[in-house]
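Visitor: Please take a close look at the nonpolar core and the aromatic rings in this model. I would like one connected account.

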Amino acid sequence: MRIGVFDHLDRSDLPLPEYFEARLRIIEAYEKYGFYSYHLAEHHATPLGMAPSPSVFLAAVAQRTKRLRFGPMVYALPLYHPLRLAEEICMLDHMSGGRLDIGFGRGASPIELVCSGQEPEQAQSTYEEALEVIIKCLTQTNVDHVGKHFNFRDVPIVMDTVQKPYPPIWYGAHAPESSERAARRGLQIISLDPSELARTIIHRYRAVWRELHGEARPLPNMGIGRFIVVADTDQQALELARSAYVRWYTSFNWLFNLRKREIPKHARPPTFDALMERGQGVAGSPATVAQWLSRDLTHTSANYLVGQFAFGNMPVDAIFRSLELFTREVVPKLPAGT
């Protein structure tokens with residue numbers, strides 16, 4: 001079972017210089033403990049995301065690690081010029097020695113697009129066209145493009161990627177139909193959804209992949225994202241998770257409440273206990289967490305577990321302890337991913 005990390009990089013109580021340094025030390029611990037990849041969200045004008053430029057933070061990650069894969073989950077393409085972003089992708093892949101994972105989306109929050117002067121109604125078409133241009137830039141030596149949102153001709157491409165033809169592409173799947181499209185395109189997926197929906201998403205992906213490839217090609221990573229807090233006792237873990245989650249939840253809804261807008265449809269419940277009931281997080285002793293995650297992984301048929309270990313105002317020392325217990329006592333008891 002591969003283990004990865006999802007991180008909003010949401011605001012804590014630490015001053016930002018201390019916050020960034022603490023997070024980088026935590027990421028060094030992910031590598032120390034053998035985690036597979038670090039997936040970073042992109043958000044703007046909200047305390048939910050202290051990495052509004054994922055590439056800047058990931059450049060630091062590239063220098064502080066040697067083996068850990070990393071990447072955006074996802075770049076919000078309506079906020080980028082695709083030529084510029086393709087160049088950043090090439091830089092990060094070279095700076096890391098070919099450890100970059102890339103994810104693209106239209107932006108999970110329409111209100112963040114509005115803050116940047118974008119029209120949410122155009123987000124899907126902008127995303128599709130920008131992705132087309134980026135793939136051209138990563139696979140061609142000269143690029144021409146005439147479209148609705150971008151127009152240029154005979155642009156020389158002077159930098160490629162270490163990974164060929166380009167780094168692995170990840171997709172955040174929230175519905176069976178989107179997982180089917182991802183399977184047909186060979187994209188790796190992560191679902192942050194409750195257990196039952198995640199099960200449906202992954203089963204659809206598996207079915208389409210086997211329909212296309214039979215047993216000849218191994219399945220890509222099919223991940224589920226879960227909040228995970230481990231402590232010496234159930235009570236200690238629950239107290240940590242409940243407190244930190246309040247801060248994270250406030251950040252998650254902060255911009256929508258500020259602008260008096262409707263909360264997004266993929267919103268989380270207001271308490272950590274409710275989150276656990278929906279199958280989106282767990283807090284407990286190593287034995288409790290191992291049992292809960294084993295049941296969830298078996299039920300969903302996921303072969304990749306993506307933990308959100310650092311969130312809200314959880315103390316840094318508690319995060320390190322959680323990672324130590326998780327790696328030493330939980331991971332060996334998890335089912336093998338297939």
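Guide: What follows goes from the core to the ring pairs. The model is predicted. Its largest nonpolar core has 98 residues. Those with the most contacts inside this core are Tyr30, Tyr38, Phe104, Leu293 and Phe326. Helix 5, residues 123-139, gives the most to the core, with eight residues. Tyr38 can be looked at through its contacts: leaving aside neighbours within four places in sequence, Tyr38 touches, among others, Val5, Leu9, Ile27, Tyr30, Phe57, Leu58, Leu68 and Phe70, as well as Asp7 and Arg69. A second, separate core has nine residues, including Ala41, Leu192, Tyr304 and Val306.

Now the rings. A search of the whole structure gives 21 aromatic pairs. In one of them, the ring centres of Phe35 and Phe326 are 6.2 Å apart and the planes stand at 35°, so this pair is tilted. Phe35 sits in the loop between helix 1 (16-32) and strand 2 (37-40), while Phe326 belongs to helix 11 (residues 316-330), 291 residues apart. Phe35 counts as buried because its relative accessibility is 6%, and Phe326 counts as buried at 0%.

Tyr36 and Tyr304 form another pair, with centres 5.8 Å apart and planes at 85°, so the pair is edge-to-face. Here too distant parts of the chain are linked: Tyr36 lies in the loop between helix 1 and strand 2, and Tyr304 in strand 12 (residues 304-308), 268 residues apart. Tyr304 is buried, with a relative accessible area of 0%. Elsewhere in the search, ring pairs join Phe227, Tyr245, Trp248, Tyr249, Phe252, Phe272 and Phe311 into a cluster.

Technical notes: Residues are numbered from 1 along each chain as its sequence is written. This is a predicted model: local features need pLDDT of at least 70, side-chain atom pairs count only at pLDDT 80 or more; totals for chains, interfaces and linings use all residues. Side-chain values use heavy atoms; hydrogens and water are left out. A nonpolar core is a set of buried Ala, Val, Leu, Ile, Met, Phe, Trp, Tyr and Cys residues joined through side-chain atoms within 4.5 Å. Buried means under 20% relative accessible area, exposed over 50%, partly exposed in between (1.4 Å probe, protein chains only). Helices (H or I, at least four residues) and strands (E, at least two) are DSSP runs, numbered from the N terminus. Contact means heavy atoms within 4.5 Å. Rings of Phe, Tyr and Trp (its six-membered ring) pair if their centres lie within 6.5 Å; planes under 30 degrees apart count as stacked, over 60 as edge-to-face and the rest as tilted.
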